[in-house]
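Reader: I am new to this structure and would like to learn how to read it. Could you take me through it step by step?

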Amino acid sequence: MNQSKQRCLIVAVDGPAGSGKSSVCSKACKRLGWTYVNTGFLYRAVAYICGVRQIPLNASEKLGVVIDDFMQSLIWDPETQAVWFQGENISTHLYTDQAGKDASLIATNRLVREKLLPLQRDLARRSPVGSIVDGRDIGTVVFPDADLKVFLTASIDERARRRIRQLKDGAHVTPEELDTIRTSIAERDKQDAARDVAPLIQAPDAILLDTSELDMNGTIDALVSLIRARNLV
Ligand code: C5P
């Protein structure tokens, strides 16, 4: 353990949709006794609340009010990543493909990103030791001074297979279903990479971790090795 640092250590993990960031980062944190912060969940939660309140996802001013309400009444469980809003655990609504698409749409909005910025930093810094924070702009915008930056990716086919396995919980997958999810992932990546504000991009000082040929445990091992090699644990 690096004893010279007083502040919470930050590992930024960015990457495209379906690259396995959330599973890998949460399991790596369990191994290390660190905190995992899934920033995509925050974008998903805001989009979900807009849906419940029937607010169009492009209604900028109303989005601002939703985020203010969200930040005021948010309860976040760092152990499970559960998100509670106004007394209700809304987490189960946030895993769907549609929630990801809606999140990607509001994530193009500058105001939304500015308002969610301090929240992401605050959640990550609550850890007494270290946090792994995953998203699209963690190494470039949220924590440009992170102790380690990793860009986690895999081929589009592999990401589609993993995503559908997760959604269908091991059930048989038809070629058509695979095709639909592949298209959906590719469209979301395109939108995330093409936006003007905080686009999905590998930070110049991030280490590329391509997991196309790795299984879950192999990927966790690789991430933890990078953290150890940086002398953070
Ligand atoms: O990571 P996840 O797939 O849950 O993120 C959902 C969407 O939220 C992404 O497609 C992206 O548009 C947006 N997002 C973002 N910046 C982050 C995290 C997520 O723009 N830091």
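Author: Gladly! Let us begin with the naming: helices (H or I, at least four residues) and strands (E, at least two) are DSSP runs, numbered from the N terminus. This is a predicted model, where local features need pLDDT of at least 70, side-chain atom pairs count only at pLDDT 80 or more, and totals for chains, interfaces and linings use all residues. Residues are numbered from 1 along each chain as its sequence is written, and side-chain values use heavy atoms, with hydrogens and water left out.

Reader: In what order do the five strands of the open sheet come?

Author: Two strands pair if DSSP finds at least two bridges between them. Here the order is S2-S6-S1-S7-S8, with parallel pairing. Strand S2 (35-38) and strand S8 (207-210) are the edges, each pairing on one side only. From one strand to the next, the twist averages 25 degrees. Strand S7 (residues 148-153) joins S8 over four bridges, and phenylalanine 151 has leucine 208 in S8 as its bridge partner.

Reader: How do I read a cavity, and which strand gives the most to the lining of the largest one?

Author: Rolling a probe the size of a water molecule over the atoms shows where empty space is left. On a 1 Å grid over the protein atoms alone, a cavity is a set of points where a 1.4 Å probe fits but cannot get out; a pocket is an open set with protein on both sides within 12 Å along at least five of seven lines; lining residues have an atom within 4 Å of a point. Grid points are joined across faces, edges and corners, and a volume is the space filled by probe spheres set on the points. The largest cavity has a volume of about 30 Å³. S7 gives the most to its lining, with three residues. Among the lining residues are Lys149, Val150 and Phe151.

Reader: And what is the volume of the largest pocket?

Author: That pocket has a volume of about 1200 Å³. Its lining has 50 residues, and Lys21, Ser22, Ser23, Tyr36 and Asn38 lie nearest its centre. Helix H1 (21-32) is one of the elements that give two or more residues to this lining; H1 gives the most, with eight.

Reader: At what angle do helix H2 and helix H5 pack?

Author: Axes are lines fitted to C-alpha atoms, for helices over the stretch in contact, and angles run from 0 to 180 degrees between N-to-C directions. Helix H2 (residues 39-52) and helix H5 (residues 110-125) pack at about 135 degrees, with their axes 11 Å apart.
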